[in-house]
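Dear colleague,

I am handing over the structure we spoke about, and below it I set out what was found. Please read the notes with the structure open beside them.

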Amino acid sequence: MKKFINHPENVVEEMLQGLAVLNPGVARLSGHKVMIRADVNKTRDQQVVIISGGGSGHEPAHAGYIGEGMLSAGVAGEVFTSPDTDSILAAIKAVAGKSGALLVVKNYTGDRLNFGLAAEMARSEGIPVEMIIVDDDVALNGSTSATGARGLAGTIFIHKLVGAAAAQGKNLADVATIGRAAIKSLATMGVSFSRRHLPYRRKTQL
């Protein structure tokens, strides 16, 4: 037994509900699989906000990194699936103020596409948005893959670096520059004892 699951189709929804109950510092954004800082109304106009997200199944990412000096919002997709553009845009609009938002995105096609579209839509509404791409997987560094290296666990350090810079009052351009510089010096390799398993599929034997 590795986990308790009531109904596989509800696993992400129940995970977010549990986080909201256990952590008074985060709140659920109604209508979306998005968690935000509970005190966002006090901070939105005081600093750049940091938003990240991705497919569920890698908890505590991303909602577990919400807090002072870290993320202002975490957007959850289904298990191993990029979050949708509407939820990302809703997160930006819920937490971003006059200082703007920095999106920290891992280098996966779906994440880049959906976060990128949300960023463009937010800019069209007058919200300053920058996006940085984390590609710290050294196992794929220099590969011939068209998508390049993946974003892995090193993303946590980027959350902390840009979150701290934002909390210090640095502007959006400077926070983004700090993040991009750090990514160039970041290297991670992912390993696993077994292959992944989707909770709503029957586990098969190799």
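Does Ala187 count as buried or exposed? This is a predicted model, and in it Ala187 counts as exposed, at 55% relative accessibility. Ala187 has its place in the segment after H6, where it touches Asp136 and Val138, if residues up to four places away in sequence are not counted.

The overall picture

The protein has six helices and six strands, and from the N terminus on these elements run α-β-β-α-β-β-α-β-α-β-α-α. Of its 206 residues, 44% are buried, and its accessible surface comes to about 11,300 Å², with 54% of that belonging to carbon and sulfur atoms. Among the contacts with a separation of 6 or more, 68% are between residues 24 or more positions apart.

Helix H6

Helix H6 covers residues 172-184, which makes 13 residues, and it reaches 19 Å from its first C-alpha to its last, close to the 18 Å expected at 1.5 Å a residue. Its buried residues are Leu172, Val175, Ala176, Gly179, Ala182 and Ile183. Seen down the axis of H6, these buried residues fall within an arc of 125°, so they line one face of the helix. The cover over them includes strand S3 (49-56), strand S5 (101-106), strand S6 (129-134) and helix H5 (155-167). The N-terminal end of H6 is capped by Asn171, which has a side-chain oxygen 3.3 Å from the backbone nitrogen of Ala173.

In soluble globular proteins, nonpolar side chains tend to be buried together. Here the largest nonpolar core has 28 residues, and those that touch the most other members are Ile50, Leu102, Val104, Ile132, Ile158, Val162 and Val175. Two or more residues are given to this core by each of helix H1 (11-22), strand S4 (73-79), S5, S6, H5 and H6. Of these, H6 gives the most, with five residues.

Helix H3

How many of the 11 residues of helix H3 are buried? Nine of them are, so H3 (residues 85-95) is largely enclosed by the rest of the structure. The buried residues in H3 are Thr85, Ser87, Ile88, Leu89, Ala90, Ala91, Ile92, Ala94 and Val95. At the start of this helix, a side-chain oxygen of Asp84 reaches to within 3.2 Å of the backbone nitrogen of Asp86.

Arg37 lies in strand S2, which spans residues 34-37. With a relative accessible area of 7%, Arg37 is buried, because the cut-off for that term is under 20%. The side chain of Arg37 is joined to that of Asp39 by a polar contact of 2.9 Å. Not counting residues up to four places away in sequence, Arg37 also touches Gly25, Thr43, Ile66, Gly67, Glu68, Gly69, Leu71 and Ser72.

Glu9, by contrast, counts as exposed, at 57% relative accessibility, and has its place in the segment before H1. The C-alpha atoms of Glu9 and Glu78 are separated by 9.4 Å, while the two residues are 69 residues apart along the chain.

Two points of backbone geometry

Most residues other than glycine have a negative phi, and most peptide bonds are trans. Against that background, two places deserve a look. Ala61 and His62 are joined by a cis peptide bond, with omega about 0°, and His62 lies in the loop between S3 and S4. Phe80, in the loop between S4 and H3, has a phi near 60°, which is a positive value in a residue other than glycine. Phe80 is partly exposed, with a relative accessible area of 28%.

With best wishes

Definitions and conventions
Residues numbered from 1 in each chain as written. Predicted model: local features only at pLDDT ≥ 70, side-chain atom pairs only at ≥ 80, totals over all residues. Heavy atoms only, no water. Helix = DSSP H or I, 4+ residues; strand = E, 2+ residues; numbered from the N terminus. Expected span 1.5 Å × (residues − 1). Buried < 20%, exposed > 50% of the residue type's maximum accessible area, 1.4 Å probe, protein only. Arc of directions from axis to C-beta. Contact = heavy atoms within 4.5 Å. Polar contact = N/O pair within 3.5 Å; in protein donor to acceptor, adjacent residues only side chain to side chain. Areas by Shrake-Rupley, 256 points an atom, 1.4 Å probe, with all protein chains shown as cover. Core = buried A, V, L, I, M, F, W, Y, C linked by side-chain atoms within 4.5 Å.
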